[in-house]
2 protein chains.
Amino acid sequence: MNIVLLEQEQTQSGEWAIESPRQLQHLQQHLQVQAGDQLKIGARDGLRYLTEVTSVEEHRVCVRPIQQESIPDKLSVRLVVALPRPKVLRRLVMDSVTLGVSHLHLIHSYRVDKSYWQTPFLRQLQDYVTLGLEQAGDTIAPEVTLHQRFKPFVEDVLPQWISPTQPAFVAHPYAEQTMPQGIDTPCTLIIGPEGGFIPYEVDLMQKNGCQAMHIGNRILRTETAISYILGRLGN
Amino acid sequence: MNIVLLEQEQTQSGEWAIESPRQLQHLQQHLQVQAGDQLKIGARDGLRYLTEVTSVEEHRVCVRPIQQESIPDKLSVRLVVALPRPKVLRRLVMDSVTLGVSHLHLIHSYRVDKSYWQTPFLRQLQDYVTLGLEQAGDTIAPEVTLHQRFKPFVEDVLPQWISPTQPAFVAHPYAEQTMPQGIDTPCTLIIGPEGGFIPYEVDLMQKNGCQAMHIGNRILRTETAISYILGRLGN
């Protein structure tokens with residue numbers, strides 16, 4: 001947690017109260033904050049501030065803003081990922097948000113177990129987004145969208161994002177071309193499930209304007225591939 | 001698991017037996033292998049093969065080699081990371097190996113809790129290396145070295161790796177220069193603990209030939225930073 005993210009309505013007065021048990025635990029046990037300490041606070045979907053802690057009580061830490069700080073820029077990358085195993089979902093969403101993707105789309109794919117769509121963790125996506133923002137020091141939540149049917153997504157949604165200046169890349173170990181490096185255009189990046197997309201899916205994405213690109217002959221876990229490729233695409 | 005890694009002595013005859021409970025569980029429960037299936041097998045620190053499953057029993061799966069396959073290249077990156085929390089250690093080592101670093105060095109740093117050096121997980125490093133190799137489809141284990149004292153490491157060990165054609169980069173959010181991109185020389189990459197290196201440590205590394213480089217104004221988790229920066233440095 002590199003900032004504490006508060007709701008807009010919590011930052012209206014001259015002094016702001018932090019009362020969420022999760023945030024209090026971090027401040028009191030991990031950071032051991034005391035009155036007079038400085039603390040970075042973000043207002044969700046708003047500004048970010050350096051603040052001073054004015055009081056520390058068991059169920060409340062109060063701060064007052066000292067100065068405004070800048071918010072990190074988002075990447076110009078729309079990330080599309082096959083819905084991962086529930087166990088991996090939290091970390092994947094959190095990391096994608098931390099890395100700064102502008103939009104996150106979780107899609108179905110042949111090798112996504114249908115039961116994954118029933119996990120209660122999907123109801124906690126906004127919590128994972130918050131964790132990612134707090135890690136990055138960001139306040140602006142990217143949109144997270146679920147697409148439970150592969151074909152309509154690829155045929156109807158995906159093509160709207162693609163143009164000669166806004167390419168879409170699908171990471172695919174058997175592609176002939178190498179994932180580009182340091183690009184300066186907005187793009188869509190598509191990453192498959194464990195075991196990869198099946199040939200039919202790669203074909204359908206290519207028919208709808210995507211370029212299949214490999215990232216070498218090492219097979220990475222989905223989460224590792226996301227940060228590795230975002231690092232490669234960035235400039 | 002994208003290959004099954006066997007010890008050299010397990011691959012001496014014409015038919016090889018897989019008997020490790022962990023590997024058997026993956027083959028039987030996850031892949032549901034049957035006689036006649038093809039399976040990728042690596043001989044530790046040796047070659048990699050496409051094989052055919054010849055028999056499946058409860059405590060043993062047998063295969064025979066069909067053809068030799070190529071092993072993925074390593075990155076020309078020596079990775080130095082501050083010892084992470086025990087909970088993170090497994091994934092960090094596994095991912096670094098999967099990504100293909102040539103050497104992995106775990107070092108002490110001011111913000112590394114001394115208790116981390118006592119974790120029993122440090123005795124399982126070779127297991128984590130195996131998991132990383134099996135994920136990547138690699139057979140050659142990188143060396144993993146522990147350095148429990150920061151200053152002797154930075155003053156005596158680190159300088160030996162640095163030359164005009166072999167730079168060392170320390171990731172540091174307050175550096176003025178940006179981490180380079182797509183470099184074609186071998187290099188050393190140094191990544192700090194949660195909370196970062198302290199100024200004294202960054203100074204000492206700089207005095208000993210390291211270049212401090214930032215990766216933008218988002219603060220990434222250690223593991224995320226590793227794959228993000230390796231993606232950025234690769235070419």
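Chain A can be laid on chain B by a turn of 180° and a shift of 0.0 Å along the axis, with an RMSD of 0.0 Å. That is the relation of a two-fold axis. The superposition is by least squares on the C-alpha atoms of residues with pLDDT of at least 70 in both copies. In general, two copies of a chain are related by a rotation about an axis and a shift along it.

This is a predicted model, in which local features need pLDDT of at least 70, side-chain atom pairs count only at pLDDT 80 or more, and totals for chains, interfaces and linings use all residues. Residues are numbered from 1 along each chain as its sequence is written, while chains are lettered from A and ligands numbered from 1 in the order in which they are written.

Now look at where the chains meet. In the interface, 26 residues of chain A are in contact with 26 residues of chain B; two residues are in contact if their C-beta atoms, placed from the backbone, lie within 7 Å. Three elements of chain A give two or more residues to this side: helix H2 (86–99), helix H3 (125–136) and helix H6 (222–233). Helices (H or I, at least four residues) and strands (E, at least two) are DSSP runs, numbered from the N terminus. H6(A) provides the largest share, seven residues. By class, the side of chain A that touches chain B has eight nonpolar, 13 polar and five charged residues. Here Ala, Val, Leu, Ile, Met, Phe, Trp, Tyr, Cys and Pro count as nonpolar, Asp, Glu, Lys and Arg as charged, and the others, Gly among them, as polar. Of the interface residues of chain A, 100% are also interface residues in chain B, so the copies meet through the same surface.

Next, take chain A by itself. Chain A has six helices and twelve strands. Its C-alpha atoms fill a box of roughly 60 × 40 × 30 Å, taken along the principal axes. Of its 235 residues, 40% count as buried. Buried means 20 or more other C-beta atoms within 10 Å of the residue's own, exposed 12 or fewer, and partly exposed in between, with C-beta atoms placed from the backbone.

Chain A is assigned domain 1 (4–69) and domain 2 (77–233). These bounds come from an automatic or database domain assignment. The domain centres, taken over C-alpha atoms, are 33 Å apart. Ten residues of domain 1 of chain A are in contact with seven residues of domain 2 of chain A. On the domain 1 side, strand S1 (4–6) and strand S3 (38–43) of chain A each give two or more residues. S3(A) gives the most, with three residues.

Turn to chain B and its helices. The axes of H2(B) (residues 86–99) and H6(B) (residues 222–233) come within 10 Å and cross at roughly 10°. That makes H2(B) roughly parallel to H6(B), a label for angles under 35 degrees. Residues of H2(B), including B:Val88, B:Leu92 and B:Leu99, meet residues of H6(B), including B:Ile226 and B:Leu230. The contact of H2(B) with H6(B) has five nonpolar, three polar and three charged residues.

B:Thr98 also belongs to helix H2 of chain B. This residue is buried, with 27 other C-beta atoms within 10 Å. Leaving aside neighbours within four places in sequence, B:Thr98 is in contact with A:Arg218, A:Leu220 and A:Thr224 in chain A, and with B:Gly132, B:Gln135 and B:Ala136 in chain B.

Technical notes: Axes are lines fitted to C-alpha atoms, for helices over the stretch in contact, and angles run from 0 to 180 degrees between N-to-C directions. Angles under 35 degrees count as roughly parallel, over 145 as roughly antiparallel, 65 to 115 as roughly perpendicular and the rest as oblique.
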